[in-house]
Amino acid sequence: KEKVIIIYTVEKIVEKVLYSNSTNFVEIKYLNRVKKELKNVKYNIYEPFIGATKIILYNKMPNIKIYEIVSSNDLRHQDILGTLYSLNISDEMFGDVVIWNNRYFIIILSSIDNYIKSNLTSIKNSKVDLIEKDPYYLKDYKQEYEECIIIVPSIRVDVIVSKIINSSRSNALEKIKNGDIYLNYELLTKPTYMLKENDIFSIRKYCKYKFLGEINKTKKGSLVIKYLKYV
């Protein structure tokens, strides 16, 4: 089912490049497939910052809005993302959620500008204000990470996912089955995959992570591993 969705999504992206001025936001995981389909076609790529996970392919640059979210309380990436989903905004209408020097930013298509300004008024029961920024305001942003260390019995991807989301292995397996986990920007289908140094994986509605590897062992033989959580 997920493979069918990927093929359908790639076809939609290609059609927009060929017959429209621009796509909506495209997840980077689709880019290699799209490039293969468009190998003889000229187009541009809007990348808000180096390493962005959502981009736009265009012939004519679409109108983009970047807003800083101002809150009196600290916010988490998942709080902001969860609020956007709760407003029934589809993935293709907004780009990466960015936390930079304890400031919060969202990137949206201008077509949902009025809706965002009218409805994004609070996050996690905290009142927020939106301040518009230049469309290239985040060009100098560099991805920030939170360094994490956990103890696991194995570096199998399903084991590590279950530990990260603080849930059961069966729940992690269900997420893999449902197509909620991507590894190195490709759909993860093999729960027994052993993570390798610098593998990047993402868990839908949680976050994106970079596996750094084993750093130690406990006396009982468990593995102490380190990973980076994108913030």
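The model is predicted, so local features are reported only at pLDDT of at least 70 and side-chain atom pairs only at pLDDT 80 or more, while totals for chains, interfaces and linings use all residues. Residues are numbered from 1 along each chain as its sequence is written, and side-chain values use heavy atoms, with hydrogens and water left out.

**The sheet**

Let us start with the strands. Helices (H or I, at least four residues) and strands (E, at least two) are DSSP runs, numbered from the N terminus. Two strands pair if DSSP finds at least two bridges between them. Strands of a sheet pair through backbone hydrogen bonds, either parallel or antiparallel.

Here, six strands make an open sheet in the order β9-β14-β13-β12-β10-β11, with antiparallel pairing. At its edges are β9 and β11 (186-187), each of which pairs on one side only. Inside the sheet, β12 and β13 are joined by four bridges in the antiparallel sense, and β10 and β12 by three bridges, also antiparallel. The table shows some residues that face each other across these strands.

| Residue | Stands opposite |
|---|---|
| Ile203 | Cys207 in β13 |
| Ile200 | Lys210 in β13 |
| Leu183 | Phe201 in β12 |

The hairpin of β12 and β13 has three residues between the strands, and Lys205 there takes a positive phi near 70 degrees. Over in edge strand β11 you will find Leu187. Leu187 is buried, with a relative accessible area of 18%; buried means under 20% relative accessible area, exposed over 50%, and partly exposed in between (1.4 Å probe, protein chains only).

**Helix α5**

Helix α5 covers residues 157-164, and seven of its eight residues are buried, so the helix is largely enclosed by the rest of the structure. The buried residues are Val157, Asp158, Val159, Ile160, Val161, Ser162 and Ile164. What do they pack against? Their partners are β9 (145-152), α6 (169-177), β10 (181-183), β12 (200-203), β13 (207-217) and β14 (223-230), where contact means heavy atoms within 4.5 Å.

Seen against the sheet, α5 lies across β9, β10, β12, β13 and β14, and runs at about 115 degrees to β9. Axes are lines fitted to C-alpha atoms, for helices over the stretch in contact, and angles run from 0 to 180 degrees between N-to-C directions. Just after the helix, Asn166 takes a positive phi of about 55 degrees.

**Meeting α6**

The axes of α5 and α6 come within 8 Å and cross at roughly 110 degrees. The two helices are therefore roughly perpendicular to each other (angles under 35 degrees count as roughly parallel, over 145 as roughly antiparallel, 65 to 115 as roughly perpendicular and the rest as oblique). At this meeting, Asp158, Val159, Val161 and Ser162 in α5 face Arg169, Ala172, Leu173 and Ile176 in α6.

**The cysteines**

How many disulfides does a search of the whole structure find? It finds zero, a disulfide being a pair of cysteine sulfur atoms within 2.5 Å. Cys148 is in no disulfide, and its nearest cysteine sulfur, that of Cys207, is 9.0 Å away. Cys207 is likewise in no disulfide. Cys148 is buried, with a relative accessible area of 11%, and Cys207 is buried as well, at 7%.
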